[in-house]
Amino acid sequence: MEVQKQTKQTKAPRPSYSTSRKRLGEILLSEGVIDLKDLWKALNEQRTTGERIGKILAHRGVDAQDIAKALSNQLDLPMYEGQEPVKDVSGILSSEYLSSRIVFPLSRDGRTIRVLMANPLDTDTISEMGFLFSSSIKPIVATPQQILQLIESTYFVPTEVQSVLDKYDPSQAFELLESLDEEDETQTQDIDKTLDDKPIVRMVNIILYWAVDTDATDIHIEAAEKETLVRYRIDGMLQTRHRFPKKIHQPLISRLKVMADMDIAVRRRPQDGAARIRIKGRKIDLRLSSLPSQYGEKMVLRLLGNSTKLLTLRELGMSPALDEQLRTCLHKPQGLILTTGPTGSGKSTTLYASLNEVISEEISVVTVEDPIEYEIPGANQVQVNAKAGITFANGLRAILRQDPNVIMVGEIRDMETAEIAFRASLTGHLVLSTLHANSSVSAVTRLVDMQIKPYLIASSSLAFLGQRLLRRNCQACIEEYEPPAESLERLGILAEKLAGIKHMHGAGCEKCHFSGYSGRIGTYEMLMISGEIQELIRQDATEQKILKAAKSAGMVTMEEYALEMVAMGITTVEEALRVVPP
């Protein structure tokens with residue numbers, strides 16, 4: 001008996017309705033929706049079939065909305081009035097489950113889930129859903145048509161989206177996301193079971209596939225007033241590729257959140273997440289960031305490792321003189337080499353190419369990165385993990401006890417990391433790192449602002465490499481053209497470098513998506529820390545003085561380098577002005 005009592009207590013509570021309530025047929029009869037003859041026929045059929053009276057009357061042509069109103073009146077329950085569902089709640093259960101029971105979770109209020117039901121007397125389903133949600137269930141009366149329409153609009157991709165999905169072979173689309181190991185595989189299977197949402201899953205796969213296919217570095221999913229935009233950052237520029245109906249926005253965001261282990265119930269504050277996938281044989285790490293906006297959440301995905309291979313120094317496209325200067329620095333036993341530029345300027349690519357140049361069996365190479373973008377054979381790579389106490393500074397301290405020859409620090413973000421890196425370069429280590437600065441010369445000012453002593457910068461630095469990325473002219477549609485006069489005027493005195501040249505640009509074709517550009521190439525400047533530059537740094541000289549001395553020693557600035565690319569027909573004046581305006 002005791003066991004039976006405990007078992008009863010564990011069941012979700014069933015709703016209790018008044019036994020003195022009017023019957024549904026009586027309510028419909030009193031309101032003139034049906035007559036006595038209709039009711040009598042329906043009751044006879046009920047004795048034979050056992051079906052609910054409301055379902056029988058619906059089959060006999062009684063308006064579903066009238067039956068729903070009668071149910072609402074009978075059970076003293078609210079009617080569905082077209083409220084927008086909170087799809088984070090509905091996404092927990094499968095579309096098959098909801099369709100078979102004609103129910104739809106509408107919203108959450110604390111520990112209560114409001115659920116649309118065509119049959120609010122279905123106590124088994126109410127009890128089952130209470131267990132699944134670990135919450136109490138409050139039924140709201142709705143017609144079967146209303147519920148099924150909500151299920152369809154939430155879970156299934158509208159027909160106008162099919163043109164996008166059909167671009168790739170459907171047999172490929174379901175196999176795009178492959179796990180990297182057994183744990184990831186289990187997680188992917190759990191995702192599919194949780195949402196059971198194959199059209200949305202397929203849509204996400206296609207979006208990711210399209211990004212990898214076009215070498216995009218970022219995907220922006222944005223909510224507009226009446227549509228959802230999917231934009232890809234290709235060659236450094238955002239391009240809108242897909243426009244979807246607004247009703248698929250939240251299912252799309254929810255799917256991505258589940259993939260990245262983010263909280264799908266949180267929509268009013270920013271979140272970060274990560275996922276790992278393999279597409280077309282390429283391992284891709286995703287970094288996801290959500291942000292609440294006016295018309296819905298915006299999601300940005302950064303694709304890490306979306307490159308076919310690591311580049312060598314020669315493949316970076318540096319001039320022979322610059323290439324030789326960098327190689328000379330890389331083969332010195334100690335010192336610091338900094339790559340500078342804004343986000344997305346190719347700093348990490350240059351660092352990895354530099355490591356490729358120096359790595360060998362005779363030396364120990366250790367990196368500390370956030371995140372690890374490429375796997376480098378022969379290097380010991382450490383991932384920053386703040387929760388585990390591994391920051392750039394702590395990781396760098398630990399690396400110094402590992403007897404390294406070459407150290408790569410993904411980014412110098414603070415004074416502590418900078419100071420350790422500079423002192424490491426003075427004690428027999430070659431240190432490579434990146435810094436957010438506008439140019440190679442402004443890196444000196446940036447470091448001083450971080451409270452690094454000028455004498456430490458001067459005595460430990462080998463070179464500061466400033467860089468940006470220029471879009472290349474598309475070779476499939478390249479042609480001669482005349483640049484706008486205002487563009488040449490903006491160059492000022494630098495326009496003399498382009499005197500008499502033949503200007504080229506891409507006219508636009510399918511291969512370059514009618515942008516006129518395809519691929520990118522770097523524009524660089526190398527500040528070699530020579531004796532004269534060292535002395536100026538120690539004296540805390542201005543950027544103008546350091547730049548003047550560097551140019552006198554033969555340094556080519558990024559602006560001048562970019563114009564050399566223009567003169568060779570690699571890019572356009574407009575692109576050079578966009579990236580490195582004089």
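Visitor: Before we get to helix packing, what are the axes here?
Guide: Axes are lines fitted to C-alpha atoms, for helices over the stretch in contact. Keep in mind that this is a predicted model.

Visitor: Fine. At what angle do H15 and H16 pack?
Guide: Helix H15, residues 320-330, packs on helix H16, residues 347-358, at an angle of about 60°. Their axes are 10 Å apart.

Visitor: What do you call that orientation?
Guide: Oblique. Roughly perpendicular would take 65 to 115 degrees. H15 and H16 are therefore oblique to each other.

Visitor: And is the crossing left-handed or right-handed?
Guide: H15 passes H16 in a right-handed crossing.

Visitor: Which residues meet there?
Guide: From H15, Leu326, Arg327 and Leu330. They meet Ser354, Glu357 and Val358 of H16.

Visitor: How do the residues of that contact divide?
Guide: The contact of H15 with H16 has 3 nonpolar, 1 polar and 2 charged residues.

Visitor: New topic. How many aromatic pairs are there?
Guide: The count comes to 2 aromatic pairs. In one, the ring centres of tryptophan 210 and tyrosine 232 are 4.7 Å apart. Their planes are at 40°, so the pair is tilted.

Visitor: Where do tryptophan 210 and tyrosine 232 sit in the chain?
Guide: Tryptophan 210 is in helix H13, residues 198-213. Tyrosine 232 is in strand S5, residues 227-234.

Visitor: Is tryptophan 210 buried or exposed?
Guide: Tryptophan 210 is buried, and tyrosine 232 is too.

Visitor: What about tyrosine 524 and tyrosine 561?
Guide: Tyrosine 524 and tyrosine 561 form an edge-to-face pair. Centre to centre it is 5.8 Å, with 85° between the planes.

Visitor: Which elements hold tyrosine 524 and tyrosine 561?
Guide: Tyrosine 524 lies in strand S18, residues 517-528. Tyrosine 561 lies in helix H24, residues 558-567. The pair therefore ties together parts that are 37 residues apart in sequence.

Visitor: Why does tyrosine 524 count as buried?
Guide: Because its relative accessibility is 2%, and the cut-off for buried is under 20%. Tyrosine 561 counts as buried at 3%.

Visitor: Switching to serine 433. Where is it?
Guide: Serine 433 is in strand S14, residues 430-435. It is buried, with a relative accessible area of 0%.

Visitor: Which residues does serine 433 touch?
Guide: Leaving out residues up to four places away in sequence, serine 433 touches Ile337, Leu338, Thr339, Leu351, Val409, Gly410, Glu411 and Ile412.

Visitor: Now the backbone. Which residues does a cis peptide bond join?
Guide: Aspartate 370 and proline 371, with omega about 0°. Proline 371 is in the loop between strand S11 (365-369) and strand S12 (379-383). Most peptide bonds are trans.

Visitor: What is the phi of aspartate 76?
Guide: Aspartate 76 has a positive phi of about 55°, although it is not a glycine. Most residues other than glycine have a negative phi.

Visitor: Where is aspartate 76, and is it buried or exposed?
Guide: Aspartate 76 is in the loop between helix H5 (64-75) and helix H6 (87-90). It is exposed, with a relative accessible area of 69%.

Visitor: And what is the phi of aspartate 403?
Guide: Aspartate 403 has a positive phi of about 55°, and it is not a glycine. It lies in the loop between helix H17 (392-400) and strand S13 (406-409).

Visitor: Is aspartate 403 buried or exposed?
Guide: At 63% relative accessibility, aspartate 403 counts as exposed.

Conventions: Residues are numbered from 1 along each chain as its sequence is written. This is a predicted model: local features need pLDDT of at least 70, side-chain atom pairs count only at pLDDT 80 or more; totals for chains, interfaces and linings use all residues. Side-chain values use heavy atoms; hydrogens and water are left out. Axes are lines fitted to C-alpha atoms, for helices over the stretch in contact, and angles run from 0 to 180 degrees between N-to-C directions. Helices (H or I, at least four residues) and strands (E, at least two) are DSSP runs, numbered from the N terminus. Angles under 35 degrees count as roughly parallel, over 145 as roughly antiparallel, 65 to 115 as roughly perpendicular and the rest as oblique. A crossing is left-handed if the near helix is turned anticlockwise from the far one by less than a right angle, and right-handed if clockwise. Contact means heavy atoms within 4.5 Å. Ala, Val, Leu, Ile, Met, Phe, Trp, Tyr, Cys and Pro count as nonpolar, Asp, Glu, Lys and Arg as charged, and the others, Gly among them, as polar. Rings of Phe, Tyr and Trp (its six-membered ring) pair if their centres lie within 6.5 Å; planes under 30 degrees apart count as stacked, over 60 as edge-to-face and the rest as tilted. Buried means under 20% relative accessible area, exposed over 50%, partly exposed in between (1.4 Å probe, protein chains only).
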